[in-house]
Amino acid sequence: LFMVAHVLYLAAFALRIRRARKPLVNWGLIAALVIVVVAGASLLWPALHRPRIPWLMVGVCTLYLLIIGANFCTIWSYTASQGRWRYLAAAGALAFLFSDWIIGLGSLANVYRPDLNRLIWWCYPIGQGLILLFGEGYRRKK
């Protein structure tokens with residue numbers, strides 16, 4: 001269900017980019033792509049160097065990373081093209097990605113830290129809220 005939610009976010013932001021007649025490829029997409037690659041490498045590298053590689057988990061997490069990464073890149077592309085208050089949606093996407101990265105640390109890199117795990121419950125709802133509230137952008141009543 002989380003993957004479905006990411007696909008829906010991706011579709012919604014891609015549609016907003018298209019309706020605004022803005023290019024998908026911009027500095028926001030490129031910056032997001034770098035973040036996703038670094039996050040993925042920081043999870044997959046330790047997983048592939050464990051004594052017993054959890055291949056099923058590596059496959060599932062890689063698929064999830066591709067979907068959440070595409071969503072993250074699309075949101076950052078949109079916010080880069082629209083600017084202003086929409087940057088808060090990009091911050092939300094980063095918080096969301098960070099919460100999933102912490103989960104990946106436990107699943108793939110076998111790193112479990114209670115203090116990090118508590119951050120999941122802060123970053124996830126804050127990220128979701130910022131994406132939902134500011135993905136459309138703040139509008140002041142005239």
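**Exercise 1.** In this predicted model, determine the handedness of the crossing where α3 passes α4, and describe how the two helices pack.

*Solution.*
Step 1. The crossing of α3 past α4 is left-handed.
Step 2. Two packed helices are described by the angle between their axes and the distance between the axes.
Step 3. For α3 (residues 55-82) and α4 (residues 87-107), the angle is about 170 degrees and the axes lie 9 Å apart.
Step 4. Angles over 145 degrees count as roughly antiparallel, so α3 is roughly antiparallel to α4.

**Exercise 2.** Which residues make the contact between α3 and α4, and how do they divide by class?

*Solution.*
Step 1. From α3 come Met57, Cys61, Tyr64, Ile68, Phe72, Ile75, Trp76, Thr79 and Ala80.
Step 2. α4 contributes Tyr87, Ala89, Ala90, Ala93, Leu94, Leu97, Asp100 and Ser107.
Step 3. Sorted by class, the contact has 14 nonpolar residues, two polar and one charged.

**Exercise 3.** Find how many cavities of 30 Å³ or more the structure holds, then describe the lining of the largest cavity.

*Solution.*
Step 1. There is one cavity of 30 Å³ or more.
Step 2. The volume of the largest cavity is about 40 Å³.
Step 3. Its lining consists of His6, Ile68, Asn71, Phe72, Ile75, Ala93, Phe96, Leu97 and Ile131.
Step 4. α3 and α4 are the elements that each give two or more residues to this lining.
Step 5. The largest share, four residues, comes from α3.
Step 6. By class, the lining has seven nonpolar residues, two polar and no charged.

Note on methods:
Residues are numbered from 1 along each chain as its sequence is written. This is a predicted model: local features need pLDDT of at least 70, side-chain atom pairs count only at pLDDT 80 or more; totals for chains, interfaces and linings use all residues. Side-chain values use heavy atoms; hydrogens and water are left out. Axes are lines fitted to C-alpha atoms, for helices over the stretch in contact, and angles run from 0 to 180 degrees between N-to-C directions. Angles under 35 degrees count as roughly parallel, over 145 as roughly antiparallel, 65 to 115 as roughly perpendicular and the rest as oblique. A crossing is left-handed if the near helix is turned anticlockwise from the far one by less than a right angle, and right-handed if clockwise. Contact means heavy atoms within 4.5 Å. Ala, Val, Leu, Ile, Met, Phe, Trp, Tyr, Cys and Pro count as nonpolar, Asp, Glu, Lys and Arg as charged, and the others, Gly among them, as polar. On a 1 Å grid over the protein atoms alone, a cavity is a set of points where a 1.4 Å probe fits but cannot get out, and a pocket is an open set with protein on both sides within 12 Å along at least five of seven lines; lining residues have an atom within 4 Å of a point. Grid points are joined across faces, edges and corners, and a volume is the space filled by probe spheres set on the points.
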